[in-house]
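Look at the sequence and the structure below. The paragraphs that follow go through them step by step.

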Amino acid sequence: MKIKYIKDQKGKTTDVVLSLKDWETIKNSFPDIEEITDDIPTWHKEILDQRLENIQKYPENITTWDTVQEEIKKKYRL
């Protein structure tokens with residue numbers, strides 16, 4: 001598969017170009033690929049907004065990932 005990357009003036013990759021044959025191969029391997037989007041559903045955004053609000057209101061309730069891992073290890077004697 002031959003892929004061509006297009007970059008902007010700052011060198012950031014902005015686009016990818018591939019042959020129609022390669023695109024057809026990808027579509028055949030992943031039939032739903034054209035339905036995939038980067039959009040986050042509204043209900044996900046609402047949950048995230050609520051969680052961020054709770055973090056701001058109650059920062060004392062935040063637990064670090066390291067602490068969570070230690071608690072799991074203790075609980076399950078890992």
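Met1 counts as exposed, because its relative accessibility is 62% and the cut-off for exposed is over 50%. The model in which this value was computed is a predicted one. Met1 sits in the segment that comes before β1, the strand of residues 3-7. On the surface, Met1 belongs to a nonpolar patch together with Ile3, Tyr5 and Val16. These four residues have about 420 Å² of accessible area together.

The next step is the pairing of the strands. β1 pairs with β2, which covers residues 13-18, in the antiparallel sense, and five bridges join them. Ile3, already met in the patch, has Leu18 of β2 as its bridge partner. In a regular strand, side chains alternate between the two faces of the sheet. β1 and β2 make up a hairpin, with five residues between them. Gly11 lies in the turn of this hairpin and has a positive phi of about 90°.

Between the C-alpha atoms of Glu35 and Gln56 the separation is 35 Å, and the two residues are 21 residues apart along the chain.

Helix α3 takes in residues 65-76, which makes twelve residues. At 1.5 Å a residue, α3 should span 16 Å, and its end C-alpha atoms are 17 Å apart, so the two values agree. Just after α3 comes Arg77, with a positive phi of about 50°.

Notes:
Residues are numbered from 1 along each chain as its sequence is written. This is a predicted model: local features need pLDDT of at least 70, side-chain atom pairs count only at pLDDT 80 or more; totals for chains, interfaces and linings use all residues. Side-chain values use heavy atoms; hydrogens and water are left out. Patches are made of residues with over 30% relative accessible area and no salt bridge: like charges are joined within 9 Å, nonpolar side chains (Val, Leu, Ile, Met, Phe, Trp, Tyr) within 5 Å. Accessible areas come from the Shrake-Rupley method with a 1.4 Å probe; for residues, only the protein chains shown count as cover. A salt bridge is a side-chain nitrogen of Lys or Arg within 4 Å of a carboxyl oxygen of Asp or Glu. Helices (H or I, at least four residues) and strands (E, at least two) are DSSP runs, numbered from the N terminus. Buried means under 20% relative accessible area, exposed over 50%, partly exposed in between (1.4 Å probe, protein chains only). The expected span of a helix is 1.5 Å times one less than its number of residues. Two strands pair if DSSP finds at least two bridges between them.
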